[in-house]
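Try each task before you read its solution.

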Amino acid sequence: MPSYAHDVKNELARRFDEDSECMRAELAAMFKVGSTIGEDRLDFSTANAAVARKVITLLKRLYPDAKKEVAAVRTKRLTRTMRYAVRLFLTAQTEKFFSGLDSPEIIRRTRYKISYLRGAFLAGGTVNRPEAQYYLEIMSLNQSASDFVRRIFAQLEFNTSARVRNKDFVVHMSEGDSIWEFLGMIGAEEAVDRFESARNMKEVRANVNRITNCEMANLNKAIDAAQRQLADIRLLMENKVKVNSDLQQTMQLRLSYPECTVGQLAEKIFITRPGLMYRFKILHQLAENLRR
């Protein structure tokens with residue numbers, strides 16, 4: 001079953017900007033984040049076929065005469081994992097593209113920054129399913145790419161952290177609102193809808209759990225109070241302590257209905273709950289005098 005991150009990438013891979021500079025920024029990010037650089041070429045690799053197709057499509061639109069090679073390689077026989085490789089060779093036409101993968105010119109406008117982050121996510125991104133813990137990451141093969149991505153995030157006022165994991169450079173985001181906003185910004189509308197639905201469901205469940213826990217806590221308090229009241233009453237009865245008619249009524253009421261709350265008992269004899277609590281307080285003081 002495809003993961004949420006896989007679905008997000010498939011959706012983004014179908015999205016193409018009309019602005020050629022936006023396309024160039026997105027393609028630059030994909031090669032900067034997800035490729036290795038050789039003497040005269042860039043080797044881009046991905047496990048997502050839709051992402052590989054988008055790289056090829058962008059190359060055809062921006063550099064139709066560029067020399068490139070495409071291959072699919074099975075990495076593990078048991079898991080049947082495929083990786084898709086796109087090799088772009090250095091030519092006179094693509095030399096400027098090669099040298100400007102992290103140029104400030106590529107991100108001089110906000111829409112270019114957004115396109116760049118979309119490409120970075122397609123190349124090295126992952127996002128957890130919204131039903132679970134929130135996190136989104138973009139992994140780069142080199143630190144300069146990671147620093148460049150984080151710099152753009154900061155310019156767009158996103159809070160991120162950086163770490164190194166298994167020689168990969170990771171930009172990490174863990175706030176639900178930020179992840180939701182980022183996915184919407186880069187154009188993953190279907191993913192945003194699912195994210196919002198899942199987040200609303202989590203909030204409903206959290207509220208239900210909070211109410212249930214509160215009710216259980218109140219019930220436990222009521223049970224504990226009833227047990228203390230019964231213990232006081234039995235002690236007074238064992239020692240044949242004489243009390244007035246109101247207290248006698250209260251003692252008999254609690255013995256007859258040990259499972260009821262004080263509020264429920266108060267309704268049975270038509271007095272207020274504070275009034276009945278005051279009677280139990282007097283009984284408790286009498287019992288404490290005996291215990292001392």
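**Exercise 1. Classify Lys-167 in this predicted model: is Lys-167 buried or exposed?**

Step 1. Find the residue. Lys-167 sits in the loop between S7 and S8.
Step 2. Recall the cut-off. A residue is exposed when its relative accessible area is over 50%.
Step 3. Compare. Lys-167 has 75% relative accessibility, so Lys-167 counts as exposed.
Step 4. Look at the backbone. Lys-167 has a positive phi of about 70°, although it is not a glycine.

**Exercise 2. Describe Glu-157 by place, exposure and phi.**

Step 1. Glu-157 is in the loop between helix H6 (143-155) and strand S7 (161-165).
Step 2. The relative accessibility of Glu-157 is 73%, so Glu-157 is classed as exposed.
Step 3. Glu-157 is not a glycine, yet its phi is positive, at about 65°.

**Exercise 3. Check the length of helix H3 (residues 49-62). Then list its buried residues.**

Step 1. Helix H3 has 14 residues.
Step 2. The rule takes 1.5 Å times one less than the number of residues.
Step 3. Now go inside. The buried residues of H3 are Ala-50, Val-51, Ala-52, Lys-54, Val-55, Ile-56, Leu-58, Leu-59 and Leu-62.
Step 4. Look at the start of H3. There a side-chain oxygen of Asn-48 comes to within 2.8 Å of the backbone nitrogen of Ala-50.

**Exercise 4. Which strands are joined to S6, and how many bridges join each?**

Step 1. Take strand S5 (residues 125-127). S5 and S6 run antiparallel and are joined by 3 bridges. Thr-126 stands opposite Glu-137 in S6.
Step 2. Take strand S8 (residues 168-173). S6 and S8 also run antiparallel, with 5 bridges between them. Here Leu-136 faces Met-173 in S8.
Step 3. Check burial. In S6 (residues 136-140), 4 of the 5 residues are buried, so the rest of the structure largely encloses this strand.

**Exercise 5. Compare the salt bridges of Glu-190 and Glu-26. Where do the partners lie?**

Step 1. Side chains of opposite charge can pair when their charged atoms come close.
Step 2. Count. The whole structure holds 15 salt bridges.
Step 3. Take Glu-190. Glu-190 pairs with Arg-14, with the closest N and O atoms 3.7 Å apart. Glu-190 is in helix H8 and Arg-14 in the loop between helix H1 (4-13) and helix H2 (20-34), so the pair ties together parts 176 residues apart in sequence. Both Glu-190 and Arg-14 are exposed.
Step 4. Take Glu-26. Glu-26 pairs with Arg-118, and their closest N and O atoms are 3.1 Å apart. This pair links distant parts of the chain: Glu-26 in helix H2 and Arg-118 in helix H5, 92 residues apart.
Step 5. Check exposure. Buried means under 20% relative accessible area. Glu-26 has 1%, so Glu-26 is buried. Arg-118 also has 1% and is buried.

**Exercise 6. Which residues make up the nonpolar surface patch with about 260 Å² of accessible area?**

Step 1. The patch consists of Met-201, Val-204 and Val-208.
Step 2. Val-204 lies in helix H8 (residues 189-238).
Step 3. Classify Val-204. Its relative accessible area is 47%, so Val-204 is partly exposed.

Notes
Residues numbered from 1 in each chain as written. Predicted model: local features only at pLDDT ≥ 70, side-chain atom pairs only at ≥ 80, totals over all residues. Heavy atoms only, no water. Patch = residues over 30% accessible without salt bridge, like charges linked within 9 Å, V, L, I, M, F, W, Y side chains within 5 Å. Areas by Shrake-Rupley, 256 points an atom, 1.4 Å probe, with all protein chains shown as cover. Salt bridge = Lys/Arg side-chain N within 4 Å of Asp/Glu carboxyl O. Helix = DSSP H or I, 4+ residues; strand = E, 2+ residues; numbered from the N terminus. Buried < 20%, exposed > 50% of the residue type's maximum accessible area, 1.4 Å probe, protein only. Polar contact = N/O pair within 3.5 Å; in protein donor to acceptor, adjacent residues only side chain to side chain. Pairing = 2+ DSSP bridges.
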